[in-house]
Amino acid sequence: MLPEKLKLNLFDRMSIKTMRYVSSVPRKEATGLVKRVYDMIAEDFFINGSLTSHSKVPALLAGVWTGGRESMLVDDHLDRTTKEAMTAVVSRLNECAYCGDMLVSLVHAGQEHRAARNIIDEREDQVPDPVLQERLTWTKGVITGQRSAGIPLPFPVEALPEVIASVLAISHINRFSHVVMDGSPVSPLLGSKSIKGLSLRAFGHELKSTKTKPLTPDRTAGLLPEADLPEDMGWASDNPRIARSVSRWAAAIEREALKVVPPEVKRFVEDNLNSWDGSPMPLFRSWVDDETVSLSSHERDLARFALIVGKSAPQIDERMVYSVREDEEQFIRLLAWASFAGARRVAEIASLRASTPSPVHTLADPLTHRAAAC
């Protein structure tokens, strides 16, 4: 193993090799809230671009760390490696190579080597541990809408808030990283899948040290102000710690979005996402032109960008970025809001699919269920 300080500095540098459109605050230059968050990330995890890409807006860095740490990294009703494997599947479904490679490496770090290989090969149904296999298959079904009815949760019902919060966190990070990361730092260096798999296992071996100590729950509580839990995040209410973390993150997103997103655009995008059933969008982007035809030119650019990030982030291209990017901090606020809005809707749909006892979960089911609740 590499010396700890050298290793973590190397990981930090590697993780930003493909960063674009934004830059991260170097750790040696961090002050105030950014320094507090960086120090906590270094102690509890490792500093990496999926987090530091938010750092030019301190509250957004604190938000993504608060939500991600408390849901994915803290052992609660599910252990961390299981949640990392589940979110690796989500990242693959979201086509986020950057996040997927990091999470597969963390699954290796948790000694689940065969599961990590099966996730890379898209063969969750062949994971040798039957409990983990069931959990990964369930995750895939809930995210894609293919989960059959009547299948019990493959974990205690008490774990559902942290599972859905993990879906929220990684769905946000996937969307954000799709835009600001030009793929995984590993992919351009390696040719075959087998060589890449060996590299991710080696990376995971070096990350074992990040899992040597249990994390203190609620350590992030003082980073952001308290906030009420939004109605659409009611799935978190049965776990007060999860509810605190996601409500603070959501409030930080809202405060920062108000600085850059016109109210009419914000309402339009959020209403549109609230009527989205989670289904994949067409390959060509004409769908977003149809959905935003009623808006003026600048409003349309903002709404088109936000809706594509929220519903189909791989369809974002450089031209679309520069049509809305005024400066770095403005862009981070806009992108974080769009990413979180899409992830928030995905989490709501996943929570309804996980709890609705209908014969077969069609994509319309969550919307019907939600309308009835309203």
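Start by selecting Gln-111, which sits in the loop between helix H6 (97-109) and helix H7 (113-120). Helices here are DSSP runs (H or I, at least four residues), numbered from the N terminus. Gln-111 is not a glycine, yet has a positive phi of about 70°. Its relative accessibility of 44% makes Gln-111 partly exposed; buried means under 20% relative accessible area, exposed over 50%, and partly exposed in between (1.4 Å probe, protein chains only).

The model is predicted: local features need pLDDT of at least 70, side-chain atom pairs count only at pLDDT 80 or more, and totals for chains, interfaces and linings use all residues. Residues are numbered from 1 along each chain as its sequence is written, and side-chain values use heavy atoms, with hydrogens and water left out.

Next, select Tyr-21, in the loop between H1 and H2. Tyr-21 also has a positive phi of about 70° without being a glycine. With 14% relative accessibility, Tyr-21 is buried.

Now show the aromatic side chains. The whole structure contains 7 aromatic pairs. Rings of Phe, Tyr and Trp (its six-membered ring) pair if their centres lie within 6.5 Å; planes under 30 degrees apart count as stacked, over 60 as edge-to-face and the rest as tilted. Tyr-322 belongs to helix H15 (residues 318-324), 301 residues apart from Tyr-21. Tyr-322 is partly exposed at 48% relative accessible area.

Phe-46 is in the loop between H2 and helix H3 (49-52) and Phe-203 in helix H10 (residues 193-207), so the pair ties together parts 157 residues apart in sequence. Phe-46 is buried, at 2% relative accessible area.

Finish with helices H5 (residues 80-93) and H9 (residues 160-180), whose axes come within 10 Å and cross at roughly 45°. The axes are lines fitted to C-alpha atoms over the stretch in contact, and angles run from 0 to 180 degrees between N-to-C directions. H5 is therefore oblique to H9 (under 35 degrees is roughly parallel, over 145 roughly antiparallel, 65 to 115 roughly perpendicular, the rest oblique). To see the contact (heavy atoms within 4.5 Å), select Lys-83, Met-86, Thr-87, Val-90 and Ser-91 of H5 with Glu-162, Val-163, Ser-166, Ile-170, Ser-171 and Asn-174 of H9.

Methods
Helix = DSSP H or I, 4+ residues; strand = E, 2+ residues; numbered from the N terminus.
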